[in-house]
Amino acid sequence: MKNLIEKIGAVVLITGRHIVSVSALLFETIYWILAGPFKKKMPKPEGTFSQMVFAGFDSLIIVSFVAFFTGIVIAMQSAYQLARFGANIYVAPMVSIGIARELGPVLTALVVAGRVGAAIAAELGTMKVTEQIEALETMAFNPVRYLVVPRFLALLIMLPCLTIFADILGILGGFLVGVFQLGLNPHRYITFSFQFMLFKDFWTGIVKSACFGIIISMIGCYMGLNTKGGAEGVGKSTTLSVVTSFILIILFDVILTGVFYFANK
Amino acid sequence: MAVKIEEKNNLTVCYIDGEIDINTSPDIKKAFEKLIAKKVPKIVINLAKVTYVDSSGLATLVEILKNMRTYGGRMRLTNMAHKIKSLFEITKLEKLFEIIEDEAEAITTFI
Amino acid sequence: MDTEKEVIISARNVVKKFGERAVLNGITLDIYRGETFVIMGGSGCGKSTFLRHLIGALKPDSGKVSVLGKDLSGLDEDALDAVKKKIGMCFQSAALFDSMTVGENVSLPLREHTKLDRSVIDIVVKMKLEMVGLRGFEDLMPSQLSGGMRKRVGLARAIVMDPEIIFYDEPTAGLDPIVAGVIDKLILDLSKKLSITSVVVTHDMKSVFSIADRVAMLYEGRVLEVGESDTVKNSKNPMVRQFIAGSPDGPIKFFQQKDDYLEQLIK
């Protein structure tokens, strides 16, 4: 029993230390974004641009795939229940609101955490164990400014963009089911989709996705920069970054959904 | 660092004063870009008052020479301190440039 | 030899502990401008840790490290960066950036730290690659190079800003004898021709005495002996003699077990 308490205590302590370190990294990143331009020490914009291409553009296909089929599944699932009440047309707002508020941001974030977050952790982790990070430091480059800032900005900008894209494709998936499977009138479907959807449903989703972008980039960079112990360490950091990002995305989703829900009252 | 440009015997003579290093090289390049834009055919650069040249300084001189050669221009370097001359030798650049001991000699023999 | 030598790096009583374990137990050394100074010692003697202190990557728990006349622990980030721009470092694994070509690797400090034009930077890169014998390799990726070539690219990158001091961490480790000889010759060439101060950390005895002006031997975080290359070579100290000869028997013990082996077997 005592052993168990000790173990729990140790886990809490380690977790606390990690939370402090990740927050410190986040503050340092924001510091460089705000102070960098005044100190004339911003990294060249090409770095951020290539990260945006990698994080955003290259994720388009997988994000579209997931969003489109999720739209189809939600439409069919809700039709299964709504048909009993003869309320088939309400499939439309269920899909659009569900995607925009919840599934668009969360699924996109999970996909990007698996694809981009893991890649960031693996890349920075490899750089760490092969002395490349140290080489940057001895050449008077701050690793946070030079490596973390472009990745942070890229995900902060591209994840909301990807989410908008996912929203559109999810709603399209639902639309196809509604029109071809349930035989609903296309015009009525579209009208119903957006009649019940408030602008708030859309922007809360975007705010969520921006938060998820911060989480994914910070966890990926943190795990990467703190890699120890050769190739095995890189593998560990990569796995850990994906698992941690997943947990944090779900956790923050609950918190943000709660905040938006109760703030409305 | 300062660059002074004079006309002598239909030649353009440039006097560089100070260090040619990472900080001053961009300014030197700018000063010569004006001459290159005018396609000045013959330039003598007097390095008597140059105390130090680093790699970027050497590279800047190479770049100026390269740009002059596009229109058939020629460049001569004169009055180099011993330390700077040995730098040209180490980097194997002494064969690329026309290096003359004395400015007057460089001007009179520049045909 | 000049009678008046300028101290370019000085370490005073440098102590560093990782947790409970003291890695550096008070190192005091002076390195003079223009010389090639070799720090040797067995694995785990603290020589790499000491090198990390000289480049400002680690801070001592107590004691003082001055490089180019500046006390490193008293500097803010900008002032430390200014010192870092005047030193170059060659890493054991070369530490080239995998995502960049050879040319981009070498030119990175110039591209980010200076206002030089692209065309001028390209010429500097060509000059530096020529010095290490790799001109024409600009567009290759690091993964396409052999170990020795990677080290030479790392060297070109280290000297691209015309540093006053170059640090080498195990420059010949893991290379065949010929390539190791080539690297040694490069180190000598650069320090003599460009009169750069070189600080080399190594345990390769062959290269120690072919490049060093002065040598320091570290043992268990302390300076065991320091002096001119020949003096150390003919040292009377049995530990130094054992290390140079590479003999397993001597005052430096490699097997230090507390328990008795046989007792542990039947326990």
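Predicted model: local features only at pLDDT ≥ 70, side-chain atom pairs only at ≥ 80, totals over all residues.

How much area do domain 1 of chain C and domain 2 of chain C bury between them? I found about 1000 Å², with 62% of it on carbon and sulfur atoms; buried area here is the accessible area (1.4 Å probe) that two parts lose on being put together, summed over both.

Residues are numbered from 1 along each chain as its sequence is written, chains are lettered from A and ligands numbered from 1 in the order in which they are written, and side-chain values use heavy atoms, leaving out hydrogens and water.

Next I looked up the bounds, which come from an automatic or database domain assignment. Domain 1 of chain C covers 2–84 + 165–171 + 197–266, and domain 2 covers 87–162. Their C-alpha centres lie 28 Å apart. I see 14 residues of domain 1 and ten residues of domain 2 in the contact (heavy atoms within 4.5 Å).

Who supplies the area on the domain 1 side? C:Ile166, C:Phe167 and C:Asp169 give 36% of what domain 1 of chain C buries against domain 2, more than any other three residues.

Last, I checked for salt bridges (a side-chain nitrogen of Lys or Arg within 4 Å of a carboxyl oxygen of Asp or Glu). The count between domain 1 and domain 2 of chain C is zero.
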